[in-house]
Amino acid sequence: MTTAVICLDQKLRVTALNSACESLFGISRRHALDEPLSEGIPHFSNHEKRLRSALDAGAGFIDRELKLQRLGEQVITVDCTVTPILVDGTH
């Protein structure tokens, strides 16, 4: 089993992702980097509000069996762990 990792900045733009993420979501790093999450990894477009809330509160969450889907594609079921990281006094 591999773990897909996505890093976002305060504006929920993709700042880094690993090859497991590229494989799982069928996206390329070149396409996703520096893009808003909903554009870089469209599977998360319905989840931005919850991610924004977690970032603003500085509190992560775990979501088991989260169903993600890009328009016209098969549903992907994942376990999702969100961890805001404090950098230079901000999340």
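Q: What counts as a helix or a strand here?
A: Helices (H or I, at least four residues) and strands (E, at least two) are DSSP runs, numbered from the N terminus. This is a predicted model, where local features need pLDDT of at least 70, side-chain atom pairs count only at pLDDT 80 or more, and totals for chains, interfaces and linings use all residues. Residues are numbered from 1 along each chain as its sequence is written, and side-chain values use heavy atoms, without hydrogens and water.

Q: In what order do the elements of the chain run?
A: From the N terminus on, the order is β-β-α-α-α-α-β-β. That makes 4 helices and 4 strands.

Q: How many of the residues count as buried?
A: Buried means under 20% relative accessible area, with a 1.4 Å probe and protein chains only. Of the 91 residues of the chain, 27% are buried.

Q: Where do nonpolar side chains tend to be in soluble globular proteins?
A: They tend to be buried together. A nonpolar core is a set of buried Ala, Val, Leu, Ile, Met, Phe, Trp, Tyr and Cys residues joined through side-chain atoms within 4.5 Å. The largest one here has 19 residues, and Leu17, Phe25 and Ile41 have the most contacts inside it. Elements giving two or more residues to this core include strand E2 (14-17) and helix H1 (19-25). E4 gives the most, with 4 residues.

Q: Which residues does Phe25 contact, leaving aside neighbours within four places in sequence?
A: Contact means heavy atoms within 4.5 Å. Phe25 is in contact with Ile6, Ile41, His43, Phe44, Leu68, Arg70 and Ile76.

Terms used: Buried < 20%, exposed > 50% of the residue type's maximum accessible area, 1.4 Å probe, protein only.
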